[in-house]
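Visitor: Could you take me through one part of this protein at close range? I would like to follow a few side chains and their surroundings.

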Amino acid sequence: IKRIFLDPPHCRPLPEVLQAIREADAIVMGPGSLLTSVLPNLLVPQIAEAIRESKAPRFYICNIMTQAGETDDFSAADHLETLQRYAGRDLVDYIVVNTQRFISRRVLERYHEEGAKIVDVDFARLNLLGIKILAAPLLNKEEVVRHDPHRLARLIMERIAKDQSSRERRFWEYSLYHINGKLREKLRL
């Protein structure tokens with residue numbers, strides 16, 4: 001993929017989408033294919049602008065694995081730079097990256113056959129891009145390399161809770177209590 005664009009270029013977002021962005025408590029972009037899932041939505045006129053104007057914390061969840069033909073050899077900083085090139089430097093407040101490196105040899109070989117590799121988290125370059133980094137072990141324990149949804153939700157909600165006023169923090173802490181219960185149940189399995 002050499003370039004991402006919309007055809008026709010003059011489409012319009014639904015008013016409900018812009019309203020949802022304005023009312024959001026948090027905006028989470030990803031995980032998902034950077035070039036074919038995340039970026040196309042941000043190219044719709046007014047979407048990136050609405051996200052930028054939002055007072056909600058804005059998170060970009062970087063993929064754990066590269067995608068052949070799309071993000072070959074991309075590091076986390078390459079993902080973020082591409083997002084910024086298309087949608088602007090001030091679109092996100094946080095990049096969420098996985099620090100867990102162990103993937104079974106069998107699973108890793110299958111991904112290598114498809115041309116995918118673990119996304120390198122290049123902290124030095126990320127720090128130069130002027131964005132906050134949330135780094136944690138986020139891998140699931142399945143046969144497919146994906147983010148563990150409970151760990152990911154907990155990480156994001158903990159960050160939101162830390163940034164909120166005391167009244168709003170109680171809501172996020174209550175939600176975290178339930179997420180942690182689900183995570184404990186999962187770990188017992």
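Is His147 buried or exposed, and what is its relative accessible area?

Guide: Happy to look with you. This is a predicted model, in which local features need pLDDT of at least 70, side-chain atom pairs count only at pLDDT 80 or more, and totals for chains, interfaces and linings use all residues. Residues are numbered from 1 along each chain as its sequence is written, and side-chain values use heavy atoms, with hydrogens and water left out.

His147 has a relative accessible area of 11%, so it is buried (buried means under 20% relative accessible area, exposed over 50%, partly exposed in between, with a 1.4 Å probe and protein chains only). You will find His147 in the loop between strand E4 (132-136) and helix H7 (149-163); helices (H or I, at least four residues) and strands (E, at least two) are DSSP runs, numbered from the N terminus. A polar atom of the His147 side chain lies 3.2 Å from the backbone oxygen of Cys62. Leaving aside neighbours within four places in sequence, His147 is in contact (heavy atoms within 4.5 Å) with residues including Cys62, Pro31, Asn140 and Leu152.

Ile95 sits in strand E3 (residues 94-98) and, at 0% relative accessibility, counts as buried. Between the C-alpha atoms of Ile95 and Arg58 there are 8.8 Å, although 37 residues separate them in sequence.

Definitions and conventions
Polar contact = N/O pair within 3.5 Å; in protein donor to acceptor, adjacent residues only side chain to side chain.
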